[in-house]
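Visitor: I would like to learn how to read a structure like this one. Where do we begin?

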Amino acid sequence: MRLIVVGAGFAGLGAAQTLNRLGADVIVLETAQRAGGRARPIMIDGREVSTGASWLHGINDNALLPLARQAGVMLAPSNDEDYTIFRPTGALTAADYDLADEFEATLDSMLESAPYGTSVASVVDGFRTRFDTAWGVETTDYWVRGMIDEEYTADPGAMDVATTQEGDEPDGGDLLLPEGFGRLIDNLAAGLDIRFGESVARIQYGDGATVTTGANEYRADAVIVTVPLDVPIRFEPDLPDDHRSARTSLAMGQAAKIFLTFDEPFWPSSVIGLTAADNPWVNYYDVSVAGRPTLMGFACGRDVAKIGTDDDAVIDAACRALAVVSGVVPRARAGGIVRWCLARESAYSYVPVGGNPDARATLARPIGETLAFAGEATSSRFPATTHGAYLTGIEAAEQLMRAR
Ligand SMILES: Cc1cc2nc3c(=O)[nH]c(=O)nc-3n(C[C@H](O)[C@H](O)[C@H](O)COP(=O)(O)OP(=O)(O)OC[C@H]3O[C@@H](n4cnc5c(N)ncnc54)[C@H](O)[C@@H]3O)c2cc1C
């Protein structure tokens, strides 16, 4: 039996490996020139970093952890509790940090008890006055940007509280991958027939399937599609109504990452946060490897619009904003910016206001015996993660093979 997998991210790699194991003849069609999707690596200043995912979440129940160990991926403790936050006038005080604990506890409990259909922004607006008074609006906004925008890559005004309530609670903490997922991706891709540079535009399905790319047409018994929700592929016949409405029940977020390498580290902790409203890079994480002090910064949701298009100017501005850490503008050896935004490739899925998290389960149901979907957006247990995506690929492959 011949199967086609569209996309070579974690879902596609999981699906293709599983189909191979179950004896199918599989080809993977991938538009990029490298596997890994939203976790693919790039080189910055002679070292590998991840363009997207950088942590394994919930390591007591993370299907990728044993595979990452086997592949020799560098794994480091995630020291998210070791942070220093800077206002433009200097570091926060002990009293500010105590208040942050209270802010987080209030946010969590208010989000947990809010009914579906409520925006996260309206929940925050309901209790923030006390914090605005104590901290100032900019510092309260910093915590919202760090705890909501950065976590979900979405604007709190656009996000339903359902997003914060869905999925399994991650268990066992996180591990940081300072060099990204490259070795693991290469291990999973080894031995697979991946056709790079093949952008799928149309899928005709019914009695078998025909998959059309810019240059070629492929025929198969069935297809598994793992591309992000907003990639426009034409399906013939059109997808069933429940599937189409499930797609519109979810939305895609946006994020950007900045990498800056330095000759010497100048930061006091594993995480540094900058509250300044005009600076898009809310938090920086230390992803140094031997001999290469490196910071990885995030701008997510609303903050992506603040980033300019001239990378050199963006890097200069980021270094100027970092002057608050040591009193001088640090000189970056090298820098790089990755954008995951709606105009290009988006970040990951969330439930927009009025959307429905059950949509993920609908998307994961195969359509007859010839078409199935996988990918982070189809994961009810671990949406928006690498291991969630990987598991959906395995499940879609097993379901299709069982059905045939
Ligand atoms: C900035 C950022 C930070 C993140 N941080 C983390 C983290 O720390 N930990 C974590 O677990 N997860 C994280 N994630 C989420 C995680 O990266 C994704 O959930 C996961 O990688 C998605 O895998 P996937 O296989 O579903 O999709 P993808 O990885 O997007 O794979 C889909 C593949 O399809 C290809 N494709 C697209 N269109 C076509 C087409 N028309 N034809 C053929 N191929 C096509 C793409 O090039 C891609 O390779 C992060 C994501 C981002 C963007």
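Guide: This is a predicted model. Start with a single residue. Thr163 sits in helix H7, residues 162-165.

Visitor: Does Thr163 count as buried or exposed, and why?

Guide: Compare its relative accessibility with a cut-off. Buried means under 20%. Thr163 has 5% relative accessibility, so Thr163 counts as buried.

Visitor: Which residues does Thr163 touch, leaving out those up to four places away in sequence?

Guide: Thr163 touches Tyr152, Tyr350 and Val351. Look at Val351 again for a polar pair. Its backbone nitrogen lies 2.9 Å from a polar atom of the Thr163 side chain.

Visitor: Now a strand. How many residues of S12 are buried?

Guide: Count residue by residue. S12 covers residues 208-213, and six of its six residues are buried. Then sort them by direction. Gly208, Thr210 and Thr212 point one way. Ala209, Val211 and Thr213 point the other way. Residues on both sides are buried.

Visitor: In which sense do S11 and S12 pair?

Guide: Read the bridges. S11, residues 200-206, pairs with S12 in the antiparallel sense over six bridges. One of the bridge pairs is Arg202 with Thr212 of S12. The two strands form a hairpin, with one residue between them.

Visitor: How many bridges join S12 to S13?

Guide: Four, and these strands run antiparallel. S13 spans residues 217-220. Here Thr210 has Arg219 of S13 as its bridge partner. S12 and S13 also form a hairpin, with three residues between them.

Visitor: Which atoms of Ala11, Thr31 and His57 lie by the ligand?

Guide: For Ala11, a backbone N or O atom lies 2.9 Å from a ligand oxygen atom. For Thr31, a backbone N or O atom lies 3.2 Å from a ligand nitrogen atom. For His57, a polar side-chain atom lies 3.3 Å from a nitrogen atom of the ligand.

Visitor: How much of the ligand's area does the protein bury?

Guide: Start from the ligand alone, which exposes 1000 Å². The protein buries 96% of that.

Methods. Residues are numbered from 1 along each chain as its sequence is written. This is a predicted model: local features need pLDDT of at least 70, side-chain atom pairs count only at pLDDT 80 or more; totals for chains, interfaces and linings use all residues. Side-chain values use heavy atoms; hydrogens and water are left out. Buried means under 20% relative accessible area, exposed over 50%, partly exposed in between (1.4 Å probe, protein chains only). Two strands pair if DSSP finds at least two bridges between them. A polar contact is a pair of N or O atoms within 3.5 Å; within protein, one must be able to donate a hydrogen and the other to accept it, and residues adjacent in sequence count only if both atoms are side-chain atoms. Accessible areas come from the Shrake-Rupley method with a 1.4 Å probe; for residues, only the protein chains shown count as cover. Contact means heavy atoms within 4.5 Å.
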